[in-house]
Amino acid sequence: KDHLSATGAAYDPAIDSWRAIADGPVGLNLASGMWTGNEMLVFGSLLDTRNVAQTRTSVGSAYDPIADTWRPLPPSRLSPQATSAVWLGEAMLAWDYEPRWQVYDPASDGWSDPDPMPMRPSECYPDSVIIGSRVFAFFCGEAALYDPTARRWEPVRGGMLGEEIDASAGSYKLWRFADMVAAADALFLLAEGLTVDHQGTPCYGCEGSPHSFWAYRPPG
């Protein structure tokens with residue numbers, strides 16, 4: 001257990017004050033958090049200074065603020081390196097960078113079997129937001145939309161997702177990274193693109209990296 005990264009605090013905006021809470025059963029330093037109505041779920045990874053995972057899979061815990069206690073979630077079957085998770089109203093949907101997805105049901109304290117998503121594996125951090133009743137997943141310049149009613153992912157195409165840049169090793173998605181904010185039934189993305197150096201190598205975060213602002217609304 002990494003004691004320092006397992007500590008936490010709760011903030012009360014009514015009185016503008018913090019209080020310490022019980023230590024979690026496992027420390028996480030790359031995680032998603034959400035409120036279920038009864039508990040706070042925290043799910044993700046514990047990485048060392050070389051970005052090597054300290055657990056066999058992504059892991060999580062649930063915090064009860066009334067009892068000030070934590071309970072560990074059962075092990076997922078997702079990659080311990082990077083995941084994203086959101087709350088669907090009755091369950092948590094989580095996915096990794098392979099990319100595969102699972103659903104955690106607090107009522108049964110169990111996971112669904114992992115299934116593939118319509119995106120390619122790559123070296124990026126998964127990110128997702130809720131748009132209305134659906135989940136928008138963004139990953140290395142690709143995206144997919146999840147319908148909880150149909151329990152199905154569909155690929156998203158067009159717009160920023162269709163733009164590519166040529167490099168020595170082939171073509172790459174231009175807008176490979178983005179910060180996302182959902183508002184009602186729309187999504188806004190602040191995207192950062194790749195550049196190519198004089199040797200034809202694609203580079204992220206280098207001098208001259210382009211930026212753009214996009215809005216997306218799901219069909220229907």
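# Notebook: strands, salt bridges and a surface patch

I began with Thr83, which counts as buried because its relative accessibility is 9%, under the 20% cut-off. The model I am reading is a predicted one. I placed Thr83 in strand 7, residues 83-87. Next I asked which residues Thr83 is in contact with, leaving aside neighbours within four places in sequence. I found Ser32, Phe43, Gly44, Ser58, Leu78, Trp95, Asp96 and Pro126.

**Entry: strands 4, 5 and 6**

I followed the pairing from strand 4 onward. Strand 4 (residues 40-45) pairs with strand 5 (residues 59-64) in the antiparallel sense, over 5 bridges. Within this pairing I noted Leu41, whose bridge partner in strand 5 is Ala62. Strand 5 also pairs with strand 6, again antiparallel, over 4 bridges. Here Ala62 has Arg71 of strand 6 as its bridge partner. I therefore marked Ala62 as a residue with a partner in strand 6, and strand 6 as residues 69-72.

I then looked at the turn. Strands 5 and 6 form a hairpin, and 4 residues lie between them. Asp68 sits in that turn with a positive phi of about 55°.

**Entry: salt bridges**

How many salt bridges does the rule give? I counted 9. Side chains of opposite charge can pair when their charged atoms come close.

Next I took Asp113 and Arg77. Their side chains meet in a salt bridge at 3.6 Å, N to O. Asp113 lies in the loop between strand 10 and strand 11 (115-116), and Arg77 in the loop between strand 6 and strand 7, so the pair ties together parts that are 36 residues apart in sequence. I checked exposure: both Asp113 and Arg77 are exposed.

Arg120 is exposed because its relative accessible area is 53%, over 50%.

**Entry: Ser112**

I stayed with the loop between strand 10 and strand 11, where Ser112 lies. How far is Ser112 from Ser76, in sequence and in space? I read 36 residues in sequence and 9.0 Å between the C-alpha atoms. I then listed the contacts of Ser112, with neighbours within four places in sequence left aside. They are Gln102, Val103 and Arg151.

**Entry: the sheet 18-19-22**

I turned to a sheet of 3 strands. It is open, its order is 18-19-22, and the pairing is antiparallel. Strand 18 (177-183) and strand 22 (211-216) are the edge strands, each pairing on one side only. Neighbouring strands here are turned by 20° against each other on average, direction ignored.

I looked more closely at one pairing. Strand 19 (residues 186-192) and strand 22 are joined by 6 bridges in the antiparallel sense. Glu192 stands opposite His211 in strand 22.

**Entry: a nonpolar patch**

Last, I looked up the surface. Which residues form a nonpolar patch there? They are Phe188, Leu190 and Phe213, with about 310 Å² of accessible area together. I placed Leu190 in strand 19. Leu190 is partly exposed, because its relative accessible area is 44%. In a regular strand the side chains alternate between the two faces of the sheet.

Note on methods: Residues numbered from 1 in each chain as written. Predicted model: local features only at pLDDT ≥ 70, side-chain atom pairs only at ≥ 80, totals over all residues. Heavy atoms only, no water. Pairing = 2+ DSSP bridges. Helix = DSSP H or I, 4+ residues; strand = E, 2+ residues; numbered from the N terminus. Axes fitted to C-alpha atoms, helices over the stretch in contact; angles between N-to-C directions. Buried < 20%, exposed > 50% of the residue type's maximum accessible area, 1.4 Å probe, protein only. Contact = heavy atoms within 4.5 Å. Salt bridge = Lys/Arg side-chain N within 4 Å of Asp/Glu carboxyl O. Patch = residues over 30% accessible without salt bridge, like charges linked within 9 Å, V, L, I, M, F, W, Y side chains within 5 Å. Areas by Shrake-Rupley, 256 points an atom, 1.4 Å probe, with all protein chains shown as cover.
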